[in-house]
Every structure is written in structure tokens, then in C-alpha cells.
Amino acid sequence: MEVTMWMALATTIFATMVAVPSSAANTVTFVFGDSLTDVGNNNYLQYSLAKSNYPWYGVDYVGGRPTGRFSNGRTIGDLISEKLGIPSPPPYLSLSRNNDALLKGVNYASGGAGILNSTGLYFIQRLSFDDQIQNFKKTTEVIKAKIGAQAAAKLFKEAIFFLGLGSNDYINNYLQPFLPTGRQYTPEQFVELLMRTLEGQLKTLYHLGARNMTFHGLGPLGCIPSQRVRSNTGQCLNQVNNMMLQFNTNVEKLLASLDRQLPGAKISFADTYGDVLDLIQNPTAYGFKVSNLPCCNVATNIGGLCLPNSQLCSNRREYVFWDAFHPTDAANAALADKLFKKLFRPPSGAPTLFTAPSGAPAPSP
């Protein structure tokens, strides 16, 4: 699975702020991503090996039961929705084709998904980014049939599209020694392949009506437990982190280019690489005690998920990581708070271009 994180570009993020509806009740969000934002889509894939529908996942979520979220509690997407004062969008595969809920936002994210269709093949079933886009296309057709083409175009124009993929293309593809990708491409060639593929995917979303898109960059994946175990000393893998920085740099350039090319597009890059690294390197500053090991005692080098027979840490709020890949609910809350402030409030000293939707709590200083 993966850790995908963010820190926004001021020049492009303002465009995203302006496009948010003034009323929280009118805010529609469409979420595309991987296991960091999957809220249960993989539960509906019968043969998928990328599932979290068993204890102890969801132990700190409402009801205390697993929901398909790869965490002990909420995802960052859930927390952003809470701050906007809107329900977290439901998993696409949980909805019937003509469900009116489609009008209020949908989550297409799938654990194991990547930008490349070849990523995560050994999970047997998962929804790649291309699959998720095809599901969104089906959604657009239903919405057009329900409210008409003009109203549908307005809905998509005003909606917020949150996109977060790329981690699995490294963790479950390029960096896997038993797969050929790492031998076929240099890091530079691989990131070029990802950018060419991503460019086409974002253009497809644009032509389907998406305008207000925010793409989340990658975090320091070399510091997650599944990668630390590959170091003799348990330290962060700098080589992996350098690949993440290279990916972020290239995505930032691609998004800026597309934002200029596509009329009416408001495409922004959210990069909190530095924030996540600080959380890992200085956990006590955020109220955490452990940032190098997962709360759930997992077989880090074999699978890395929290199994029902695993032992949990005594205080889940003290750990940054839940399993070998994913943050705890508490860590997601800390990161979501930083992201929300960057997405929905201009930096200090900048002109105010956005007021939080009515019903949404104002970010704390």
C-alpha cells in the first residue's frame, strides 16, 4: 500500500480556493486514489488481496468495525470532509448505478491502485487510476441523465477533485525486486513514464468535465516501516526519498503546464513532503512518541498489514504509523489539519481570496 502526502503551491492553490462553493451544503467532492483514501471500494472486489475488512482496522472508527479503510480510524479524506462540514463521499462500488447519492460526490479510490495499470497486479483485483476514471465517466453519464447536460457541467465545474496516486507505482512496482520494472527503467526514465501516463489521465478527466483538481504529491516513503526494514540500521532510505522528491518536482511542473494549457482548469499541486518528514523526525512536537515502528505488530517484511491475531500498541494516539504503510487516525488528523489550512486559507500576509464554506469550521491559527 502507500503513504501519499502534501504542501501547496500558493500561485495555483488560490485558484482552487476561489472555486469552492460558498455553502458547505453545495460542496461536491470526487476522490481518486489508493489505500490512503480508499473507504471501502476494495471490499466489493471479490478476489482482491488488497483489503482491510478485518480487525483491527476500524477499531477507532465510528462503530469500531472495519469499513475497508486502511487505518485504525479515519482517512485524511474523511477528515477534510469533516472540516468542510460535509459527509465523506461513499465508495463508488457501494452505490447502485442510478443512486441519487452520485450527485453529492463519490470516492473511487482503491487500495493497491497506481498511475500505471501494471501496478499492483499481484493484488489480483484493484481499481487502477484508469479504472477509476472509467467509473467517473459512468457517473457523468448518470448525472447528465438525471439533471441534464448543462446542470451536470455546472456541477462538475464547481466540484473539487482530490487526486492522490503514485506511491504504489514505487512501493508495489518499481521498488519490488521480484518485478522487472526496476531493471527496465532508470529512476529518471520511470518518472518520465509516470508523467506521460498521468498527463493523459488528467486530460481525460478534464474532458469529462473536471476543472478544479488538486493532486497530492508523495511523502517520504523511504521512512515508512516497510522501507525502514530494508535498512540494516532501521533508518530512512534516502535513495527512495530522493525518488519521491523527483516525482513531486515533475508532477509540479506537469500540473502547472496543464493549468496553463486547459481553458478554465484550476489544477493545483499539494505537497506536504516536508510536513510529513517533520512529523516523522520530530514526533514529540505533535504529541506522538513513536514514528519508526507501526502500532500494530505486523510482519513488516511480509505483507505488512495488521492481521486479526496481531498485537496492538497500548496507546494508538502515540504512534504515527498504524501498519507498515499507513498512518494512524491520530497522524491523519495532524496531517489533515495542515493540509486544510493550506488548501482553504492563504498564507500569512497574502490577500484573502477564500472564506471557508458556511458550516465548515474556521482553521485554527
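Strand β4 (residues 212–216) is largely enclosed by the rest of the structure, because five of its five residues are buried (under 20% relative accessible area with a 1.4 Å probe, protein chains only). Strands here are DSSP runs of E with at least two residues, and helices are runs of H or I with at least four, numbered from the N terminus. This is a predicted model, in which local features need pLDDT of at least 70, side-chain atom pairs count only at pLDDT 80 or more, and totals for chains, interfaces and linings use all residues. Residues are numbered from 1 along each chain as its sequence is written, and side-chain values use heavy atoms, with hydrogens and water left out.

**Strand β4 and its partners**

- N212, T214 and H216 point one way from β4, while M213 and F215 point the other way, and all are buried.
- On pairing (at least two DSSP bridges between two strands), β4 runs parallel to strand β3 (residues 160–164), joined by four bridges.
- In that pair, I160 stands opposite N212.
- Strand β5 (residues 266–270) also pairs with β4 in the parallel sense, over five bridges, and here A270 stands opposite H216.

**Helices α10 and α11**

- Helix α10 (residues 273–281) packs with helix α11 (residues 329–344) at an angle of about 150°, their axes 11 Å apart.
- The two helices are therefore roughly antiparallel (angles over 145 degrees).
- At the contact (heavy atoms within 4.5 Å), D275, V276 and L279 of α10 meet A331, L335, K338 and K342 of α11.

Note on methods: Buried means under 20% relative accessible area, exposed over 50%, partly exposed in between (1.4 Å probe, protein chains only). Axes are lines fitted to C-alpha atoms, for helices over the stretch in contact, and angles run from 0 to 180 degrees between N-to-C directions. Angles under 35 degrees count as roughly parallel, over 145 as roughly antiparallel, 65 to 115 as roughly perpendicular and the rest as oblique.
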